[in-house]
Amino acid sequence: MAQGQSRNSNVLVVPQASSALEQLKYEVAQELGIQIPQDGYYGYMATRDTGAIGGHITRRLVQIAEQSLAGGQSRS
């Protein structure tokens with residue numbers, strides 16, 4: 001596969017969320033001390049690093065969803 005190309009077939013349910021997810025990726029990477037390539041090519045990054053970023057993003061998104069659901073329910 002040529003440099004800079006991706007086979008990502010994921011489709012965002014809310015396309016406007018793309019910029020927020022991109023920002024979250026950079027925040028998580030910074031917290032973990034991982035440098036994201038400026039050219040967007042991840043081929044030279046260790047799988048462990050990219051997996052750590054993805055795992056932390058997933059944890060953060062689940063946490064946000066749980067807080068949102070908990071805040072939306074009234075307890076009697």
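I count a salt bridge when a side-chain nitrogen of Lys or Arg lies within 4 Å of a carboxyl oxygen of Asp or Glu. This is a predicted model, so I take local features only at pLDDT of at least 70 and side-chain atom pairs only at pLDDT 80 or more, while totals for chains, interfaces and linings use all residues. Residues are numbered from 1 along each chain as its sequence is written, and side-chain values use heavy atoms, with hydrogens and water left out.

**Salt bridges**

I searched the whole structure and found three salt bridges. The side chains of E27 and R60 form one of them, at 3.9 Å from N to O. E27 lies in helix α1 and R60 in helix α2, so this pair ties together parts 33 residues apart in sequence. I read helices (H or I, at least four residues) as DSSP runs, numbered from the N terminus.

I then looked up E31. E31 also bridges to R60, with the closest N and O atoms 2.8 Å apart. Here too distant parts of the chain are linked, E31 in helix α1 and R60 in helix α2, 29 residues apart.

Next I checked exposure (buried is under 20% relative accessible area, exposed over 50%, partly exposed in between; 1.4 Å probe, protein chains only). E31 is exposed at 56%. E27 is partly exposed at 31%, and R60 is partly exposed at 23%.

K25 pairs with E22, the closest N and O atoms being 3.2 Å apart. The two are three residues apart in helix α1, so about one helical turn separates them. K25 is buried at 17%, whereas E22 is partly exposed at 36%.

**Core**

I took a nonpolar core as buried Ala, Val, Leu, Ile, Met, Phe, Trp, Tyr and Cys residues joined through side-chain atoms within 4.5 Å. The largest one has eight residues: L24, V28, A29, I34, I36, M45, I53 and I57. The largest share, three residues, comes from α1.

Beyond its neighbours within four places in sequence, I36 is in contact (heavy atoms within 4.5 Å) with K25, Y26, A29, Y42 and I53.

**Surface**

L12, L21, L61 and I64 make a nonpolar surface patch of about 300 Å². I looked up L21 as one of its members. L21 sits in helix α1 and is partly exposed, with a relative accessible area of 31%. Patch residues must have over 30% relative accessible area and no salt bridge; nonpolar side chains (Val, Leu, Ile, Met, Phe, Trp, Tyr) are joined within 5 Å, like charges within 9 Å. Areas come from the Shrake-Rupley method with a 1.4 Å probe; for residues, only the protein chains shown count as cover.
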